[in-house]
Amino acid sequence: MSTVNYIKSIQAYCSQHKLKLTANRSAVLAILHQHQGALSAYEILAKLQQQQANTKPPTVYRALDFLVQQHFVQHIESSSRYIINRQQQPFAPHPLLICTQCENVAQIGLSASLKAELEQFAAQQGFSLHSQSYEFQGLCSACQARTA
């Protein structure tokens, strides 16, 4: 899907759910959509400053906070980078496979049965899960081939 069409679909979703997708939020979302991998907030800021020279870090962080809250974007806790949620609606966090060599990030689906099993295991330990951020680190197939 093109970036323009992606932004239009997000605008429609926001309108339907009475959410405000500001120009800054759209610009940050577009930058992440155009980029194939994950970006740090300062990398996003640098790209945004090419379009809007006076943009400051709080503008980017506020936009990212909203986008993460709505699950349009995922925050990668281990590297403090952000990646667009390429999964379709409903928007939700997805487990991430992160290559420790090339830093490629892939989003995967989590089956309902596995999610239920994780929640059951946590409950047996007297633990209530709040975050649904799962990050698994290893080597992608391309990096495995290079090291073989």
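The axes of helix α3 (residues 41-51) and helix α4 (residues 57-69) come within 9 Å and cross at roughly 115 degrees. Such axes are lines fitted to C-alpha atoms, for helices over the stretch in contact, with angles running from 0 to 180 degrees between N-to-C directions. The structure is a predicted model, in which local features need pLDDT of at least 70 and side-chain atom pairs count only at pLDDT 80 or more, while totals for chains, interfaces and linings use all residues. Residues are numbered from 1 along each chain as its sequence is written, and side-chain values use heavy atoms, with hydrogens and water left out.

**Helix packing**

Helices (H or I, at least four residues) and strands (E, at least two) are DSSP runs, numbered from the N terminus. The crossing of α3 past α4 is right-handed, a term for a near helix turned clockwise from the far one by less than a right angle. On α3 the contact (heavy atoms within 4.5 Å) involves A41, Y42, I44, L45 and L48, and on α4 it involves P57, V60, Y61 and L64. These residues comprise 9 nonpolar, no polar and no charged.

**Nonpolar cores**

A nonpolar core is a set of buried Ala, Val, Leu, Ile, Met, Phe, Trp, Tyr and Cys residues joined through side-chain atoms within 4.5 Å. Buried means under 20% relative accessible area, exposed over 50%, and partly exposed in between, with a 1.4 Å probe and protein chains only. The largest core has 26 residues, and those with the most contacts inside it are V28, L29, L32, I44, L64, L67 and F72. At least two residues of this core come from each of α1, α2, α3, α4 and β3 (81-84), and α2 gives the most, with 6 residues. L67 touches L21, R25, V28, L29, F72 and V73, leaving aside residues up to four places away in sequence. Another core, of 6 residues, lies apart from the largest one and includes A38, I83, I98 and V105.

**Strand pairing**

Two strands pair if DSSP finds at least two bridges between them. An open sheet of 3 strands has the order β1-β3-β2, with antiparallel pairing. β1 (39-40) and β2 stand at the edges with a single partner strand each, so one side of each is left without a neighbour in the sheet. The pairings with stated bridge counts are as follows.

| Strands | Sense | Bridges |
|---|---|---|
| β2 and β3 | antiparallel | 4 bridges |
| β4 (96-99) and β5 (105-107) | antiparallel | 3 bridges |
| β4 and β6 (135-138) | parallel | 4 bridges |

β4 and β5 form a hairpin with 5 residues between them, and E103 in the turn has a positive phi of about 65 degrees.

**Positive phi in the loops**

Most residues other than glycine have a negative phi. K18, in the loop between α1 (3-16) and α2 (23-34), has a positive phi near 55 degrees and is not a glycine. K18 is exposed, with a relative accessible area of 76%. H71, also not a glycine, has a positive phi of about 65 degrees. H71 lies in the loop between α4 and β2 (73-76) and is partly exposed, with a relative accessible area of 29%.

Key:
Nonpolar A, V, L, I, M, F, W, Y, C, P; charged D, E, K, R; others polar.
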